[in-house]
Amino acid sequence: MPSHPPFQDSSWLQDLPSPYYSASHRAFQSAIRGFIDENLNAHALTWERESHVPHEVYQSFAKANLLVPNLPAPLPVKWLKNLGLDILPGELKAEEFDDLHAHIYFDEMARCGLLGVASFITAGMAYGVPVIVQYGSAALQERFLPDLLTGRKRACIAITEPDAGSDVAGIMTTAEKSEDGKLYIINGNKKWITNGIWADCAVMAVRTGKPGAGGLSMLVVPLKNHPGVRTRKIELGGGSTGGTAFIELDNVKVPVENLLGEEGKGMSYIMNNFNHERLAVAISSTRQARTALAETVKYCLKREAFGKTLMDQPVVRLRLARCGVELETMTAWLESLSYQLHHLSKKEADVRLGGLIAMAKAQAGRVLDKCGRCAVLLHGGNGLTRAGQGELVEKIYREINGARIPGGSEDVLFDLAIRQLVKQYSKLDDAERALSRAKL
């Protein structure tokens, strides 16, 4: 029987049976783990110390066709075939890629425990490019997708503003049409934009109409060297390698052809992408929690205090057990959600799983918080030190709120989840009552 260190991997990767994963999933996971270990994980701590990931790392992932798995299933197969990107690692055909393959990808990308490093690769492709794939006109896609899908250029998603975070409907950046109707002229600011300092373009939420959600639209906005655009890096408490940016927009001119979909539909487009974004964040946060807990178990097995190892102390085992329960429960829930997402239509998944995925994203942040705090406490003084045996858990601890706030802050998501679940139930209840009255 193979030996697996406690909490190092989820159960299906410990040779235990699972109803979710097929031979295709196992081949994909096996193929990408070695590449990610060699090209990301082996250097992650160094890059986080330096607050810099070399540009060629992104290119290496592009050459290995490991940017494409950031996109939600089903993949844009026609585009991928045209670009020669239709075979993924593990000999996986693009048309066979599903939500469990995506789950595996985000889990593996987070194994280093440093989400800033992982987001250097993932954020723009996972959250910005899908909006172009889904809502861009044929001409707009032709202009942007070849460079973005091959990694020659990079994108970011730019929604959040200094005064509009989880309250997306409060966005104030304006896009007004020029007198001849050929351009949008954009003014405003975007803040906390992951990958923004490297992005060639932004998929941006702007106000083209009245106040509130109904006045929002989405545009593809050029960033690099574009007149009126100024971008600067924001220094964060953790995750410094994610390229988080503040973007100033001063009379930025963009062709009207850069509109995604229709004017006034921006809010629905943003919401439509949230299941993918929030589930990806939840999977990544949970793996980060797993890394913190597994590192702590290894430390407790060798660290001695009061004449015996920390693992021989009942209070230490209790702390680890309480974290392990939440970690494994969270993992099982996320696997279930990924499986359900794969087996439901997009429309049905948005309705039936939207609230649950919002809740899962919020809860994953809480699990990371519990495991991260436990890791630091059990590492003692080493857990407070930015070098040495506790360096990784210290860095994970500083990234916790970076998982709990973006993509919808915790309290907002818990409230949203219940409102959506009650709304869904009320509609079904009304329909059942109407059916009963019809029978009478």
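Select Y21 first: in this predicted model, Y21 is buried, with a relative accessibility of 7%. The rings of Y20 and Y21 form an edge-to-face aromatic pair, 6.4 Å centre to centre with 90° between the planes. The structure holds nine aromatic pairs.

Next, display F28 and F97, an edge-to-face pair at 6.4 Å centre to centre and 85° between the planes. F28 belongs to helix 1 (residues 23-39) and F97 to the loop between strand 2 (92-93) and helix 5, so the pair ties together parts 69 residues apart in sequence. F28 is buried at 1% relative accessibility, and F97 is buried at 3%.

The charged end of R154 sits over the ring of Y58, 3.8 Å from its centre. The charged end of R232 sits over the ring of F246, 4.5 Å from its centre.

Now select T194, G402, I405, P406 and G407, the residues nearest the centre of the largest pocket, which has 48 lining residues. The volume of this pocket is about 1400 Å³. Its lining comprises 23 nonpolar, 20 polar and five charged residues. Colour helix 8 separately, as the largest share of the lining, nine residues, comes from this helix.

Finish at helix 11 (391-404), one of the elements giving two or more residues to that lining. Helix 11 bends by about 35° at R398. Ten of its 14 residues are buried, so helix 11 is largely enclosed by the rest of the structure; among them are L392, I396 and I400.

Conventions: Residues are numbered from 1 along each chain as its sequence is written. This is a predicted model: local features need pLDDT of at least 70, side-chain atom pairs count only at pLDDT 80 or more; totals for chains, interfaces and linings use all residues. Side-chain values use heavy atoms; hydrogens and water are left out. On a 1 Å grid over the protein atoms alone, a cavity is a set of points where a 1.4 Å probe fits but cannot get out, and a pocket is an open set with protein on both sides within 12 Å along at least five of seven lines; lining residues have an atom within 4 Å of a point. Grid points are joined across faces, edges and corners, and a volume is the space filled by probe spheres set on the points. Helices (H or I, at least four residues) and strands (E, at least two) are DSSP runs, numbered from the N terminus. Ala, Val, Leu, Ile, Met, Phe, Trp, Tyr, Cys and Pro count as nonpolar, Asp, Glu, Lys and Arg as charged, and the others, Gly among them, as polar. The bend at a residue is the angle between axes fitted to the seven residues ending there and the seven starting there. Buried means under 20% relative accessible area, exposed over 50%, partly exposed in between (1.4 Å probe, protein chains only). Rings of Phe, Tyr and Trp (its six-membered ring) pair if their centres lie within 6.5 Å; planes under 30 degrees apart count as stacked, over 60 as edge-to-face and the rest as tilted. A charge sits over a ring if NZ of Lys or CZ of Arg is within 6 Å of the ring centre and within 35 degrees of the ring normal.
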